[in-house]
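Biologist: Can you walk me through this one? Start wherever you like.
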Amino acid sequence: MKAIEAFYPLLRAPKKIIITTHQKPDGDAMGSSLGLYHFLIKLRHDVTVISPTNWADFLDWLPGADKVIDFEAKKDTAIAFIQSAEILFCLDFNVLHRTKHLEKYIDAATGVKVLIDHHEQPQIAAFQFGISNTGKSSTCEMVYDFIMQSEQPELLDTTIATCLYTGTMTDTGSFRFPATTASVHRMVAHFKDLGLEHTPIHDNIYDSFLENRLRFIGNALLNRMDVLYEYNTAVMAILREDIIHYDIKTGDTEGLVNYLLTIKNIKFGAIVIDRNEERKWSFRSKGDFDVNIFARQHFEGGGHKNAAGGRSSDTLEKTLAHFYQVLPEYKEVLR
Ligand code: 5GP
Ligand code: MN
């Protein structure tokens, strides 16, 4: 994977470009993809954003979200774009399998593949150019840097800023996590100077849910949470019947894991959701406990030191039993 500086000249003449990201894209995945999309459109490229799956309703207001192709809904169209793309941007993931059923098409694509991502252990052989920096708050911040270091940084506008602010906000827990550096705040100051209105973004993301989601969370906190003080750990298991009863959709469970870390002294929060196709884990930690390693070792996953995900094809009972079985190995570091 070559450094991104060598890539910029390829943007001088109009190209067919696709931008893709991880399955079930979150705020950072959608925000970075759409921020880059609007920038490349201004550079007069022919650009299409392809998501491997659908996304949460609370991201639908993002400028350009209506033009994003959901691969699962429009497979043939998406494949044609991937096959004819001269450049493929891969954002907010660094191992191809995170694009789910899109993986084989991205892998086989002949266009130039460019990575922009902040997760641990990138599959660098899969990309010709790229930036991988685990110290960055978000892929949105990296797209901002990419634009600022490009040949036309003056093209940054409030539409691009809106997209990039969104993902930086969601990936930093609203500018709270340790990766929220002075550079992040300087970027936001730049967005404000351009005229960005940030309050509507917070409202759109955090205050636009339906009543059923709040009742679902109430039930989860009351009946589905187990606090293991011995390990400073809290674990939550969401049953399939909960998903059905509360009519839970993509995105409704996002952020639920963070409640676990609001309990004093809890350093490790884990939530498993019994989805149809798999048991999906979300892990969060505070301090030294590395959930990226934990997810990789036990649940076919990965991510960052303090935020990672994983999966299991076992039953909910078995995957939970596995969690309880391995937890004592970490007693010292969780103390
Ligand atoms: P979440 O719990 O919000 O789904 O994911 C937390 C973080 O871990 C995100 O940065 C996400 O991209 C990453 N992540 C989630 N699941 C996986 C996985 O299965 N593999 C890897 N490598 N990263 C994951
Ligand atoms: Mn991210």
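Modeller: In helix 11 (residues 291-298), Val 291, Asn 292, Phe 294, Ala 295 and His 298 are buried, meaning under 20% relative accessible area with a 1.4 Å probe, protein chains only. Helices are DSSP runs of H or I, at least four residues, and strands are E runs of at least two, numbered from the N terminus. This is a predicted model: local features need pLDDT of at least 70, side-chain atom pairs 80 or more, while totals for chains, interfaces and linings use all residues. Residues are numbered from 1 along each chain, and side-chain values use heavy atoms, without hydrogens or water.

Biologist: What covers the buried residues?

Modeller: The cover includes strand 10 (268-274), strand 11 (279-285), strand 12 (302-303), strand 13 (307-312) and helix 12 (316-326). Contact here means heavy atoms within 4.5 Å.

Biologist: What follows helix 11?

Modeller: Glu 300, with a positive phi near 50°.

Biologist: New topic. Where is Thr 139, and is it buried or exposed?

Modeller: Thr 139 sits in helix 4 (residues 139-148). Thr 139 counts as buried because its relative accessibility is 0%.

Biologist: Which residues does Thr 139 touch?

Modeller: Leaving out residues up to four places away in sequence, Thr 139 touches Asp 28, Ser 32, Leu 91, Asp 92, Ile 116, Asp 117 and His 118.

Conventions:
Chains are lettered from A and ligands numbered from 1 in the order in which they are written. Buried means under 20% relative accessible area, exposed over 50%, partly exposed in between (1.4 Å probe, protein chains only).
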